[in-house]
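Please work through the following exercises with the sequence and the model side by side, trying each task before you read its solution.

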Amino acid sequence: MNAEVTRQVGELRETVARLHAELTRYGLVAWTAGNVSARVPGQNLMVIKPSGVGYDDLSADTMVVCDLDGALVEGDFAPSSDTAAHAYVYRAMPEVGGVVHTHSSYATAWAARAEAIPCHLTAQADEFGGEIPVGPFALIGGDDIGKGIVGTLAGHRSPAVLMRNHGVFTIGRDARAAVKAAVMCEDVARTAHLARALGQPVPIAQDDIDALYDRYQNVYGQQPVPPTGS
């Protein structure tokens with residue numbers, strides 16, 4: 001790697017290590033389960049969590065670098081068992097800069113039922129643009145999970161997919177956005193579960209979902225202020 005790529009990789013090692021702390025902060029993982037990865041911009045490389053290493057032991061130095069075929073390029077540890085899935089997503093979806101996997105309790109309960117989360121909440125319309133879909137069952141270790149993620153999310157507004165009998169995978173323009181989607185997915189799944197326990201949730205009309213999604217994605221938050229004329 002040249003000096004610029006080495007610098008990028010070093011920064012992403014720091015970022016990815018730090019983002020793993022968000023998974024524990026929000027209660028999305030247990031023990032060593034779950035992982036975050038980030039694409040190295042402009043390179044056939046990604047940074048990902050090592051396999052089976054506890055969250056308290058993660059640091060920039062323990063992160064590993066793999067190519068987008070899943071082969072280890074740099075690092076002292078074996079990469080995550082989900083590396084092939086992450087790599088497949090990056091190969092198939094060039095717009096994706098970050099991938100996250102969790103077994104967060106409420107969202108994974110929906111995945112165990114092979115049931116999409118219907119859009120009954122404005123917050124879900126904002127973030128996911130409709131239902132959170134279910135992907136197919138796939139065994140861990142190869143790229144079948146990646147194929148299921150891509151096949152389910154291709155053409156879908158949701159950055160999250162519930163992989164049947166497994167857990168949650170989220171994507172984003174960068175790793176931070178993918179972590180945010182994982183946090184929001186669990187929040188939505190929990191509220192949807194509670195609403196269903198109380199009775200029949202009320203649906204939101206598709207036109208309203210579309211309007212909410214457009215506002216949140218394009219208007220909400222701090223927007224750049226155009227320069228004033230002289």
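**Exercise 1. What share of the contacts in the chain with a separation of 6 or more comes from residues 24 or more positions apart?**

Solution. Residues 24 or more positions apart account for 64% of these contacts, where contact means heavy atoms within 4.5 Å. This is a predicted model, in which local features need pLDDT of at least 70 and side-chain atom pairs count only at pLDDT 80 or more, while totals for chains, interfaces and linings use all residues. Residues are numbered from 1 along each chain as its sequence is written, and side-chain values use heavy atoms, with hydrogens and water left out.

**Exercise 2. Describe the overall build of the chain.**

Solution. Begin with the inventory: the chain has 7 helices and 8 strands, these being DSSP runs numbered from the N terminus (helices H or I, at least four residues; strands E, at least two). The radius of gyration, 18 Å, is close to the 17 Å that the globule rule gives for 230 residues, so the chain is as compact as a globular protein of that length; the radius is taken over C-alpha atoms, and the rule is 2.2 Å times the number of residues to the power 0.38. Finally, 47% of the 230 residues count as buried, a term that means under 20% relative accessible area, with exposed over 50% and partly exposed in between (1.4 Å probe, protein chains only).

**Exercise 3. Characterise the packing of helix α3 against helix α6.**

Solution. Two packed helices are described by the angle between their axes and the distance between the axes. The axes of α3 (residues 105-112) and α6 (residues 175-198) come within 7 Å and cross at roughly 65°; axes are lines fitted to C-alpha atoms, for helices over the stretch in contact, and angles run from 0 to 180 degrees between N-to-C directions. The two helices are therefore roughly perpendicular to each other, given that angles under 35 degrees count as roughly parallel, over 145 as roughly antiparallel, 65 to 115 as roughly perpendicular and the rest as oblique. On the α3 side, the contact is made by Ser-105, Tyr-106, Ala-107 and Trp-110, and the residues from α6 include Cys-185, Ala-189 and His-193.

**Exercise 4. At what angle do helix α2 and helix α5 pack, and which residues meet?**

Solution. Helix α2 (residues 83-92) packs on helix α5 (residues 144-153) at about 40°, with the axes 7 Å apart, and this makes α2 oblique to α5. From α2 come Ala-85, Tyr-88, Val-89 and Ala-92, which meet Ile-145, Gly-146, Lys-147, Ile-149 and Val-150 of α5.

**Exercise 5. How does helix α1 lie relative to α6?**

Solution. The axes of α1 (residues 3-25) and α6 come within 10 Å and cross at roughly 5°, which makes α1 roughly parallel to α6. Leu-19, Glu-22 and Leu-23 of α1 form the contact with Ala-175, Arg-176 and Val-179 of α6.

**Exercise 6. Are Asp-67 and Gln-124 buried or exposed?**

Solution. Asp-67, which lies in strand β3 (residues 64-67), is buried, with a relative accessible area of 17%. Not counting residues up to four places away in sequence, Asp-67 touches Asn-44, Leu-45, Met-46, Val-73 and Ala-87. Gln-124, found in helix α4 (residues 122-128), also counts as buried, at 0% relative accessibility. Leaving aside neighbours within four places in sequence, the contacts of Gln-124 include Ile-117, Pro-118, Cys-119 and Val-188.
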